[in-house]
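Please look through the sequence and the model below before reading on.

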Amino acid sequence: MLEVDGVRAGYDSTPILRNVDLSVEEGEIVGVMGKNGVGKSTLVKTIVGLVEPDEGTVRFDGRDVTDTPPHERARSGMGYIPQGREIFPDLTVEQNLRMGESINDGSSALLYEDVFDYFPILDERRGQKGGTMSGGQQQMLAIARALVANPDLLLLDEPSEGIQPSIVQQISEDMRAINEDLGTTILFVEQNLSVIRDMADRCYAMERGTIVDELGATDLEDEETIASYLAV
Amino acid sequence: MSDTADGMDPAVKQTSAELATGVDTDTILKTEGITKRFGGLTAIDDVDFDVEAGELRCLIGPNGAGKSTLLNLITGALSPSEGEVYFRGHDITEMDPHERIRRGLSIKFQVPSVYEDLTVRENVRLPIQRLASGAERDERMADALAAAGLSAKADVAASALSHGEQQQLEIGMAASLDPDLLLLDEPVAGLSVDERAEIAERITQLNEERSIAFVVIEHDTDFVAEIADHVTVLHQGETFREGSIEEIETDPEVQRIYLGGETDA
Amino acid sequence: MATDADSAGVLGRFVDAIHGPNTMGESRRFWAAFGVVALLMVTFPLYMLESAVTNMSQYLALTLLALSLAVVWGFTGVLSFGQVAFFAVAGYTYGIVGINVAGPLGTMAGLFVAVGVAALFAAVLGYFMFYGGVSDVYVTIMTLVVVLVLKTFLDQTAGDKWTIGEAALGGFNGMPGIPDLALGIGEPFLVFDDFTLFYAALLALLVTYLGLRALLNSDYGRVMVAIREDEDRTEMLGYDVKRVKLTVFTFGGALAGLSGVLYVTYFNYISPSELSLTAASLPVIWVAVGGRKTLLGPIVATVAIERLGLFLSVNVGDWAFVINGLLLLVIVLLLPEGLVPGLRDLVSWIGDRRDEGGTDDTTEPSGEVIE
Amino acid sequence: MAPGVDLLVQFFPSFAKIVLAATGLAIIFGIMGVINLAHGEFIMVGAYATTLAYNGALGALPLVPVDPIGVLPGAVQLPAAMLTGVLVTALFGLVVERTVISGAVPNWIAERTIGRPVVKPMYDRLLDSMVATWGISLIMVQLVRNLYGNSLNGIGIPFGQFSYGNGLSISTYKLVLAGVAALVLLLLYVVFVRTDYGMRARATIQNEGMAKSLGVDTERTYMATFALGSGLAGLTGALYAPLQTIVPGMGGGFLVEAFVAVVVGGASVVVGTLLAGGLLGFVYALFANVWGTFAGRIMLLVVAILVIRFVPQGLSSLVERIRDRWAEVS
Amino acid sequence: MTKRVDRRKFLAGGASIATAGLAGCALMGGGSSDTIKLGILEDQSGNFALVGSPKHKASLLAIEEINNDGGINGQQIEYYDPDPQSSNDRYLELTRRMVQQRDVDALWAGYSSATRETIRPYIDQQDQLYFYTTQYEGGVCDKNVFAVGPTARQQLGSVLPYLVEEYGPRIYTIAADYNFGQLSADWVKVLADENDAEVIGEEFIPLSNSQFSSTINRIQDADPDFVMSMLVGQNHTSFYEQKASAGLDIPIGTSTAMAQGYEHLRLDPPAMANIYAGVNYMQEIPTNRNTRDGGFVDRYYDMWPDAPYLNEEAENNYFSIYMYKRAVEQAGTTDQEEVKAALESGITYPAPEAPDGEEIKLVPETHHVNHHMWVMRADENHNVEAVDDRVIDETFLKDTVGCDLTSKDEEKQYTPQDYYEEAG
């Protein structure tokens with residue numbers, strides 16, 4: 001479904017990603033773990049199209065999307081849940097959702113209701129402005145907003161960041177449920193050990209801008225291994 | 001909540017009068033019935049918050065509990081809808097931020113915002129040049145650089161520092177004001193484990209060696225356990241619990257608000 | 001021996017004072033070039049026509065106006081459209097004093113009163129804005145509106161009731177007969193007209209430029225730049241941001257006022273056209289085109305743009321505005337930091353390219369492989 | 001003077017002028033963070049296009065007159081000419097957006113010649129956009145002068161007069177303009193609150209990157225917004241073409257009102273412009289009517305200064321505050 | 001003053017030696033001494049281009065005619081006509097350039113009084129012969145300035161008495177809120193007194209204003225017999241369309257509409273219906289010199305077929321260049337002091353404004369012209385016809401304040417206030 005091949009990217013010509021290769025199969029939940037500053041966010045942004053790679057290719061659904069602008073990638077089925085949620089603060093919950101929905105040609109009518117099953121709080125607060133909600137609620141809204149676009153692939157950038165532990169766990173569970181119920185493929189980057197363990201089917205480890213290891217389901221049982229990539 | 005009338009109580013006014021005369025010299029910071037509303041949202045609701053001199057206090061609470069708002073009310077970046085703030089016995093509620101800073105308050109914001117065009121040394125010079133000149137200035141700048149752990153990078157442009165180093169630089173700058181109380185808003189957000197350890201060390205060092213009182217906002221309880229002796233839990237804009245880290249960690253109510261998801265008000 | 005060392009010390013201190021990260025131009029080469037340009041300017045009347053010299057004194061007077069905006073906007077972050085208001089108020093004040101008080105004493109007093117009134121005006125306006133919580137683009141628009149109010153008012157002051165002593169404000173037609181600045185008691189021993197005015201303006205510019213360099217590299221200058229970069233944070237370091245902004249704004253008003261006085265002594269005349277929308281935006285154009293975070297940029301741009309305007313009006317006629325506008329557009333689009341920083345970057349970029357040429361071959365082919 | 005009906009009637013033209021002068025500027029400023037100092041010249045383009053189309057100046061490139069062979073009935077000619085004015089200005093705005101504001105055209109050329117973009121878009125660069133659009137305005141005024149001469153022959157004012165007793169009368173057209181101004185605001189409200197374009201535009205201004213990754217073609221949103229703002233400026237020019245002398249510098253007469261109204265109105269384009277038009281229109285009408293035009297103009301500017309000083313976020317922030325207060329109570 | 005002139009000459013000499021080797025200063029070139037050099041500074045662009053460009057064109061017509069006719073005393077005229085772009089600052093720069101670099105023998109410059117006042121100090125400092133040709137508020141008594149356009153007193157003095165006669169004595173004045181407008185309004189009062197009329201209302205309109213509903217309202221409220229309008233500029237032109245559309249049909253007398261900005265051709269009828277302009281010239285005035293085949297109008301449009309109009313100031317530039325020619329011929333030199341003396345000898349010229357057999361006269365004492373004034377009326381279709389005409393002398397400077405530049409050098413501008421003071 002997603003194939004990243006030899007990507008080199010960065011800001012102002014200082015490379016942050018170097019020769020990154022990874023792939024995600026349909027229906028998988030794949031994690032990318034690594035410490036702060038190894039380039040995880042840049043990786044997600046490169047896949048979404050917000051950062052242009054200097055070299056390498058990104059393939060999605062069998063098509064080369066390396067030069068495709070982000071809005072077209074979104075329309076072809078990429079859903080993005082950024083670090084810090086990035087809710088539109090002055091739009092209401094409902095309008096935020098409609099922003100997600102607006103690319104979905106009306107086929108999301110059912111999903112629109114579905115997301116309220118996952119996140120009933122959003123139903124209650126339809127008319128509230130996004131900016132006035134708590135961090136956890138905003139995270140749910142961000143996920144819901146991505147979901148109503150009916151994406152094939154969801155990209156999450158540090159879903160646990162700035163969220164209290166209880167909500168973090170709930171979000172991990174929600175994501176697994178979404179993956180099972182809707183068959184949505186998920187790629188997430190994270191540095192929270194428990195989130196990685198709870199969510200991922202398999203996981204890449206990143207260090208200094210490149211992929212250094214790949215961990216299968218069994219490796220993920222082993223906290224020591226994971227911790228070795230998160231701590232020095 | 002049952003303590004809503006406190007702000008109006010003449011007995012409390014009495015207390016503030018005592019504060020002003022310096023009777024209660026240990027309390028360095030005190031808020032009385034402080035309340036902040038943003039439109040329909042009450043971010044801080046009638047909070048009484050005291051900090052002792054030399055204390056290292058952590059302020060924790062779920063997202064949206066009002067931690068940053070409280071901090072901004074203390075520094076004067078926001079002005080309260082109701083209530084007063086006292087610092088070292090003086091009512092500072094109406095003061096501009098810089099006046100509060102000059103009285104010995106200092107803050108490091110959540111997002112690092114060093115002056116990127118300036119070198120590390122010039123960044124440090126900015127707070128110190130107001131306080132000292134000549135040899136004393138040089139000395140204090142050297143101290144501040146050392147306190148930030150950045151003596152070796154003094155002549156590097158601040159924009160070239162890593163995220164963690166920028167946080168360190170900022171703590172160093174905030175500390176160089178020689179404050180009695182230093183407020184830190186999520187000083188380790190987004191930092192790696194070893195960077196966290198570095199920051200924790202800086203904080204405890206400043207607290208012990210210079211007896212600077214700290215209020216640290218943090219949601220990483222491990223980090224809190226590492227540095228704090230006393231913890232205040234905010235929840236939905238109100239003071240929920242206060243106590244030692246052990247008391248708080250074992251408190252079932254705190255467990256509930258942290259682990260049991262959003263509670264309805 | 002001792003005195004030598006002392007003077008070297010003073011000189012050294014001065015050299016230190018005018019260098020720092022807030023201004024451009026550190027190198028020996030820069031100062032060599034600076035010296036050459038200064039020499040060319042000092043000898044300007046020897047090789048140029050009189051009209052070129054007197055026009056140059058007009059441009060030099062205007063560079064002070066540009067610098068006043070550079071200080072307020074470029075270094076403290078407050079974009080004011082009101083510099084022409086202080087400029088014009090000083091011009092009118094100088095005119096009123098100079099016409100009423102005969103002799104060089106009147107003009108000398110006029111100079112000080114005018115600069116003082118401009119500073120006071122800036123102080124009052126600044127207090128009204130900064131202590132009233134007006135910031136950012138609202139300051140810009142408010143200063144612009146103040147200019148327009150002043151212009152609308154002055155336009156209709158033609159009647160006799162608007163005569164102050166001997167000086168009639170003169171409405172739209174302006175105030176004629178403003179005397180040249182002169183030094184002396186009783187009989188003037190130095191009158192600033194034509195050539196002397198050129199040197200006076202040149203000296204004022206030189207002193208202002210070096211003085212501003214010293215200011216910007218001082219502790220205070222560092223605070224100004226800090227406010228430009230991050231106002232809230234600077235407040236949290238214990239600085240009274242409002243007061244610094246007010247002080248700088250007042251100082252900018254005084255500098256604009258000085259420019260206004262030199263300008264009216266050139267014209268011997270002032271009118272409300274100095275307060276038109278076009279006039280109000282000119283300083284912004286000079287500073288933006290030259291490079292607002294520099295001092296040299298605004299100076300160069302002021303002289304260049306004004307001189308170009310004259311050139312075009314003589315040689316091109318009705319396409320002058322079109323060419324002027326196109327040049328402006330090209331500079332803003334291609335060199336958003338301004339002409340002078342843009343040229344500096346260009347020079348260093350070319351330098352880098354030259355250095356790269358020999359060594360950086362390795363990365364090139366890999367890019368082609370991907371293609 | 002008899003205030004009352006008189007004042008009310010005098011209020012309408014000043015309200016119309018302020019609202020119509022401001023909307024185009026407010027949209028481009030509010031959504032794109034671009035201060036268009038050439039706004040007055042966009043209005044001038046609208047007026048010129050309308051006048052040229054109406055007068056049937058066939059040779060006047062690049063415009064085709066609405067009725068070159070004289071088949072349209074008279075009543076349709078002026079609206080058709082005005083529509084031409086709006087469309088031409090919107091199109092012109094599009095060209096300016098592509099070449100200067102977004103830099104797309106120069107970048108397209110640069111990428112094909114020197115291999116890298118050379119222009120950073122002007123979005124959210126208030127001051128740079130001011131300087132660039134100032135350049136545009138210089139060019140446009142003189143270009144129009146060189147192409148079309150120092151003035152165009154005017155269009156007569158339609159609709160005749162409206163008498164309101166005691167020998168007093170006003171041009172009916174001026175009252176109609178107030179209605180058009182209100183209608184424009186209403187339409188804008190619908191566009192921004194009810195349509196997908198409006199939502200996308202608001203989302204784009206709040207967080208461009210996020211909007212992109214939700215599938216919004218932000219480039220197109222910006223283009224559409226600039227064209228919309230330009231079209232509104234063109235509408236203003238078209239509507240005022242009969243009332244004003246058609247000269248290249250005519251736009252300057254709108255610029256001050258437009259700026260003042262935008263700042264006095266505040267962040268919300270529709271509510272802000274409505275309130276600014278209401279307050280400033282009233283102040284002008286009152287003072288002009290009782291103490292003469294000079295008093296009207298000065299007081300308009302003085303009130304603007306006072307509003308900026310005491311409500312720096314603009315009148316629409318007052319409404320927000322009241323709404324919040326109300327939400328708090330309920 | 002003389003000291004300055006000396007130094008200027010000295011420096012000019014020094015400068016030309018110094019510039020000889022400098023390629024950048026080729027600007028010096030041009031005029032050889034066997035030509036007569038005229039500076040023509042008129043606005044070809046900017047706000048005043050509408051009214052300035054006919055002045056520029058008519059000047060060039062006069063120069064071309066003179067050159068084709070053998071020049072002045074056999075010398076060809078060479079002219080410099082950079083574009084001051086309606087900017088006063090630029091006017092001063094260019095005036096300095098004209099004087100210092102081009103060494104012009106006479107200068108024509110500027111439309112507005114503000115422009116004249118900007119350059120007049122320099123003109124006087126250099127004792128430069130200067131023609132100011134716009135119709136204006138009057139009162140300039142300056143030894144170097146020849147203000148040959150009609151004054152407010154002349155213009156209003158032709159139209160106001162006519163309207164009082166025709167419509168009645170109650171006058172409402174609207175005027176641009178600046179010097180010209182305010183002084184003209186004062187003249188309306190003076191003339192009203194002289195003609196047993198009264199000014200029942202007066203309003204001054206800021207130059208930036210283009211909305212006239214409240215003004216129209218106030219006029220209707222006052223209900224005068226006629227309105228005197230001294231509105232100027234592009235913004236104010238809108239008044240005429242707006243008053244027509246509002247149904248205000250009171251007759252209007254003016255010194256500023258039609259003759260300068262040809263509103264009767266630019267505006268849609270009937271905006272200018274029933275408007276009476278007091279002028280010394282419009283291209284429609286029915287004199288033989290003006291309208292016959294090969295007359296002034298024909299010659300102008302032969303040279304400038306695309307020109308939109310031939311306005312009042314254009315004729316003033318035209319005839320004053322011819323007056324200059326006569327003065328030089330009389331003096332036998334282009335020396336400026338001698339030419340001024342010749343101009344002060346009572347030069348006349350058969351200007352297009354004057355009927356056959358009549359010549360207009362430059363008054364030696366005041367440097368103003370006794371014009372042949374016309375009252376021109378526009379009808380519903382904007383056809384313009386002459387309803388009255390006569391010679392009106394410039395009396396204010398000469399009789400009231402006693403300006404006599406032949407005996408006493410002055411550099412001053414008098415105002416109607418001085419009229420009242422003189423009148424007691």
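## Salt bridges in chain E

The side chains of E:E202 and E:K189 meet in a salt bridge, with 3.5 Å from N to O; the term stands for a side-chain nitrogen of Lys or Arg within 4 Å of a carboxyl oxygen of Asp or Glu. E:E202 lies in strand β8 (residues 198-205) of chain E and E:K189 in helix α6 (residues 179-194) of chain E, so the pair ties together parts that are 13 residues apart in sequence. Helices (H or I, at least four residues) and strands (E, at least two) are DSSP runs, numbered from the N terminus. E:E202 counts as partly exposed at 28% relative accessibility, and E:K189 counts as partly exposed at 31%, where buried means under 20% relative accessible area, exposed means over 50%, and partly exposed is in between (1.4 Å probe, protein chains only).

In another pair of chain E, E:R326 forms a salt bridge with E:E359, and the closest N and O atoms are 3.3 Å apart. This pair links distant parts of the chain, 33 residues apart, with E:R326 in helix α12 (residues 312-331) of chain E and E:E359 in the loop between β12 (348-349) and β13 (360-362) of chain E. Both ends count as partly exposed, E:R326 at 31% relative accessibility and E:E359 at 36%. Chain E also holds a network of salt bridges that links E:R116, E:E117, E:R120, E:E137 and E:D142.

## How the model should be read

This is a predicted model, in which local features need pLDDT of at least 70 and side-chain atom pairs count only at pLDDT 80 or more, while totals for chains, interfaces and linings use all residues. Residues are numbered from 1 along each chain as its sequence is written, chains are lettered from A and ligands numbered from 1 in the order in which they are written, and side-chain values use heavy atoms, with hydrogens and water left out.

The predictor gives the complex an ipTM of 0.79 and a pTM of 0.82. Chain E averages a pLDDT of 86, and 91% of the residues score at least 70; pLDDT is the predictor's confidence in each residue, from 0 to 100. Over residues 1-32 of chain E, however, pLDDT stays under 50, and the model has 37 contacts beyond four places in sequence for them, a contact being heavy atoms within 4.5 Å. Where pLDDT is low, the predicted coordinates should not be read in detail.

A search of the whole structure finds 49 salt bridges over all chains. One of them joins A:K40 and A:E158, whose closest N and O atoms are 3.5 Å apart. A:K40 lies in helix α1 (residues 40-48) of chain A and A:E158 in the loop between β7 (153-157) and α7 (165-182) of chain A, so the pair ties together parts that are 118 residues apart in sequence. A:K40 is buried, with a relative accessible area of 4%, and A:E158 counts as buried at 5%.

## Annotated regions

The UniProt record (unreviewed entry) places the feature "domain: Leucine-binding protein" at residues 35-381 of chain E. Over that span the chain is 43% helix and 19% strand, and the end C-alpha atoms are 48 Å apart. UniProt positions are given in the numbering used here, feature names are shortened, and annotations may be inferred rather than shown by experiment.

For chain D, the UniProt record (unreviewed entry) lists the feature "transmembrane region" at several places, including residues 222-242 and 254-287. The span 222-242 of chain D is 90% helix and 0% strand, with its end C-alpha atoms 31 Å apart. The span 254-287 of chain D is 91% helix and 0% strand, with its end C-alpha atoms 19 Å apart.

## Backbone details

The peptide bond from E:P269 to E:P270 is cis, with omega near 5°, and E:P270 lies in the loop between α9 (263-266) and β11 (275-279) of chain E.

E:H382 has a positive phi of about 65° although it is not a glycine; E:H382 lies in the loop between β14 (369-378) and β15 (384-392) of chain E and counts as buried at 5% relative accessibility. B:D178, also not a glycine, has a positive phi of about 55°. The loop that holds B:D178 runs between α6 (163-176) and β7 (181-185) of chain B, and B:D178 is partly exposed, with a relative accessible area of 46%.
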